[in-house]
Amino acid sequence: MCTGEHCGGVVKRNYTQVRYTMGSGLTKEGLEASPLTTITEHQGGINCMALSEDSSLLVSGSDDRTVHMWSTKSEPIENLGVLNGHTGFIQCATVYDTYVITGSKDTTIKKWDMATAACEYTYTGHTGRVNRVICSGEFLFSTSHDKTARAWLFHTHDVHDPSQACIRVFEGHTGVVSAVIFVPGQDTGVPDDNGFNINPSDILITASFDNTARVWSFDTAQCLKVVEDAHDGAILYLRVVNRLMYTTGTDNYAKCWARDGLENTRTYKDHTDSVTAARFHNGVLYTVCNDGIVRAFDAKSGSLKRKFLGHKNAVTCLAVCVNQQEDQVYTRLVTGDNNGILIVWNATGISSEVPMVTMDQEYQCKQNQRLEELNQHLDDYVADDPLTKSSTTSLGGGMNTDEIDNLGIIDDD
C-alpha cells in the first residue's frame, strides 16, 4: 500500500491558467461551452466522482483500479495523491470526514484514510460489482450487481468478524441495483435491540435495472413501496433536493418527481443516449450523457440553458465545485468520461441566465401547467411522512431553502 507523498504525491503540471470571467469558455453564440482545462492522469475510463463536504477535495475512480484525489481550491485543480488496492475497476466513491470510501468490480468496499492513503478496512459480502456507496456517518449503504442493497457499520474498530460489519440486506429487486438514497426519519433517541441508532421511520430508496424504484424500512429491511416504470428502461441515478427527487435512465431522459406521492412533474429532454448522472446546483440541473454532451437545464422549467462540448466519448460522472476568490464566487463543473479524460468547465452565472433553448410550445405549456399544480400542492403540504421530514428543517442565517441540497438526506455525492 503506498502512502503519503509516495502515493501519487503532489503533481505539478503545465496547465493553461484560466481567469474565470463571465463568458469564458463560451462560443460566440453563447449556448455551447468549451473546456477550460483537460486532464489525462487516469489510464482508464472514469466511472465516478465525489466531493468532500466543503467541496475542497474531489475524488475520481477509474477502470485503471485507482482513485485520484484532487484539490479543487488550487488553480488549476491539483493532484494530491492516488489510492491503490482494489483488484477490480472502481465503480463508485464517496467522501466522509477524513475518509474516502470506494466500491469496485472486485465486490469489495474499502475505507481509506485520505491523509495517509492507507486502506483502514475492507468490507466483504456482496457477490457482484458494487455500484454505489453512501455514508451517513454511522452507516454505509451500498448497491450491487448481485441485485441487493446492504447496510454496513461505518465504525469498525470493534468489528472482529468481517461478517458482522453488514447489518442489513435489502432483497427484492429482480435486476442490478444501481442508485441508493438514505432518508433519516424522526430521531427517537432510543437505540434498537443491537444498540444501533436506527429509527422506525428511517427510509432507504433504491433504483434498479428492473425499471423500478423501491422504498425500504431501514429498521426492518422490508420493502414498503414499489414504483414501477419510472423510466422506460434502467434507472441509473437518484438525487433528492428538498421535496423533489431527480432520476436519470437509459431511456434518454432525466426526470423530476415530487417525493410526496412520487409524481413525475418534469422531464428533461434533448439527450440522444442514456443519461448516466445528474447534479443540482443553484436552480440548475446538470446532466451527463453517453452521447458525449454535458447539459445544463433550468431545473424549474426544464428548458435547456447550455451544452458543454469537448468530450469525445460517453460522459459518466460530474461534480459542481464552488470557489471564492476575494469577493467573487466562481462555479466550476468537472466531468469525466469513459476514455479517462477529466474536463473542467466554467459554469459561473448559468443560474442567472435566461434559458437559451426553448422546448416545443405545447410540451412547455403542459410542463408549466403541471408545475403550477405542483407548487399549489406543495403550498398545502404537511410533513407527516418520513420521506419529507428532513427537507422541512428550519434553516438559519437567511439561507434560501431552494438552494439547500439534501437536508439530512444522504445520497451519492
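This is a predicted model: local features need pLDDT of at least 70, side-chain atom pairs count only at pLDDT 80 or more; totals for chains, interfaces and linings use all residues.
Residues are numbered from 1 along each chain as its sequence is written, and side-chain values use heavy atoms, with hydrogens and water left out.

**View 1. The protein chain as a whole.** The chain holds one helix and 29 strands (DSSP runs numbered from the N terminus: helices are H or I with at least four residues, strands are E with at least two). Of its 413 residues, 59% are buried (under 20% relative accessible area; exposed is over 50% and partly exposed is in between, with a 1.4 Å probe and protein chains only). Among contacts (heavy atoms within 4.5 Å) with a separation of 6 or more, 50% join residues 24 or more positions apart. The accessible surface is about 17,200 Å², and carbon and sulfur atoms account for 45% of that (Shrake-Rupley method, 1.4 Å probe; for residues, only the protein chains shown count as cover).

**View 2. The largest nonpolar core, with F141 and F218.** This core has 31 residues, and F141 and F218 have the most contacts inside it (a nonpolar core is a set of buried Ala, Val, Leu, Ile, Met, Phe, Trp, Tyr and Cys residues joined through side-chain atoms within 4.5 Å). Strands that each supply at least two of its residues include β8 (99–104), β12 (139–144) and β15 (177–183). Beyond four places in sequence, F218 touches F139, F141, A151, I167, R168, F170, F182, I198 and D202. A second, separate core of 30 residues includes L244, Y268, A278 and L285.

View 3. V334 is buried, because its relative accessible area is 1%. T38 is 296 residues away along the chain from V334, yet their C-alpha atoms are separated by 9.7 Å.

**View 4. S52 in a loop between two strands.** Look for S52 in the loop between β3 (46–51) and β4 (57–62). S52 counts as buried because its relative accessibility is 9%. A polar atom of the S52 side chain lies 3.2 Å from the backbone nitrogen of S56. Leaving aside neighbours within four places in sequence, S52 contacts L57 and V95.

Conventions:
A polar contact is a pair of N or O atoms within 3.5 Å; within protein, one must be able to donate a hydrogen and the other to accept it, and residues adjacent in sequence count only if both atoms are side-chain atoms.
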